[in-house]
Amino acid sequence: MQTNKGFTLIELLVVVLIIGILAAVALPQYQKAVTKSKVASVMPLFRAVANAEETYYLANNQYTNSYEELAIALPAGTTVSGTKATLPNGTKIILQTSGYMSTSINEDKEKGAIQLNYWFAHGIGKNHSPFECFAAVADETGISICKSFSNKEPSSGNCDARGKVEPCKGYAMY
């Protein structure tokens, strides 16, 4: 009696099919986790700016419109060029002297761009919450990431996250 050792072609195809199905399910969740970690990496800096703004208010009895007037240090390894800064993990932020700082996560993707804003000039913030997260309406991933940072209802409006005005949902985070 001779026994053949090995796998049949059908068995190999079934294994490859199962691996393909698992990869198709896991990859979107992995990409969502990476995007959420990029958003979370910016939040401590935004919170530090918020604390510096409150300190400025206590000292001057008014909020500032200029990032330079806030006593805040960017994380070690951050490179600054004009009003743009790049954090050590590669996330880019915009430091505006007109009262806000912002970042766009996944801005080079067709969809999935998330825009975070912190309005440190409370005069500007009359129409805004200090912390905001905007995601394109068509992108459920971005909406769910923004929603995970807030317990408030979303507002609708226009976003300029990828260089064109488009409808979005914004979540107030503070």
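Predicted model: local features only at pLDDT ≥ 70, side-chain atom pairs only at ≥ 80, totals over all residues.

Me: What makes up the secondary structure of the chain?

Reply: It comes to 2 helices and 8 strands. From the N terminus on, the order is α-β-β-β-β-β-β-α-β-β. Helices are DSSP runs of H or I with at least four residues; strands are DSSP runs of E with at least two; numbering starts at the N terminus.

Me: How much of the chain counts as buried?

Reply: Of its 174 residues, 34% do. Buried means under 20% relative accessible area, exposed means over 50%, and partly exposed lies in between, with a 1.4 Å probe and protein chains only.

Me: Why is Cys-133 called buried?

Reply: Its relative accessible area is 0%. The limit for buried is under 20%. So Cys-133 is buried. Cys-146 is also at 0% relative accessibility, so it counts as buried.

Me: How do you know that Cys-133 and Cys-146 form a disulfide?

Reply: Their sulfur atoms are 1.9 Å apart. The rule asks for a pair of cysteine sulfur atoms within 2.5 Å. The pair therefore meets the rule. By this rule the count comes to 1 disulfide.

Me: Which hand does the link of Cys-133 and Cys-146 have, and what does the pair tie together?

Reply: The angle about the S-S bond is -65°, and the link is left-handed. Cys-133 lies in strand β6 and Cys-146 in helix α2, so the pair ties together parts 13 residues apart in sequence.

Me: Where is Gly-170, and why is it called buried?

Reply: Gly-170 sits in strand β8, residues 166-172. Its relative accessible area is 2%, so it is buried. Gly-170 and Cys-133 are 37 residues apart in sequence and 5.4 Å apart in space, C-alpha to C-alpha.

Me: What makes a set of residues a nonpolar core?

Reply: The members are buried Ala, Val, Leu, Ile, Met, Phe, Trp, Tyr and Cys residues joined through side-chain atoms within 4.5 Å. The largest such core here has 27 residues. Phe-46, Ile-93, Met-101, Ile-114, Leu-116 and Tyr-118 touch the most other members. The elements giving two or more residues to this core include α1 (9-60), β5 (114-119) and α2 (140-148). The largest share, 9 residues, comes from α1. In soluble globular proteins, nonpolar side chains tend to be buried together.

Me: What does Ile-93 touch?

Reply: Not counting residues up to four places away in sequence, its contacts include Val-42, Leu-45, Leu-87 and Met-101. A contact means heavy atoms within 4.5 Å.

Me: Is Thr-91 buried or exposed, and where is it?

Reply: Thr-91 is in the loop between β2 (84-86) and β3. Its relative accessible area is 6%, so it is buried. Beyond four places away in sequence, Thr-91 touches residues including Lys-38, Ser-41 and Ile-105.

Me: Why is Pro-28 called partly exposed?

Reply: Pro-28 has 42% relative accessibility. Pro-28 is placed in helix α1.

Me: Is Ser-81 buried or exposed?

Reply: Ser-81 is at 57% relative accessibility, so it counts as exposed. Its place is in strand β1.

Key
Residues numbered from 1 in each chain as written. Heavy atoms only, no water.
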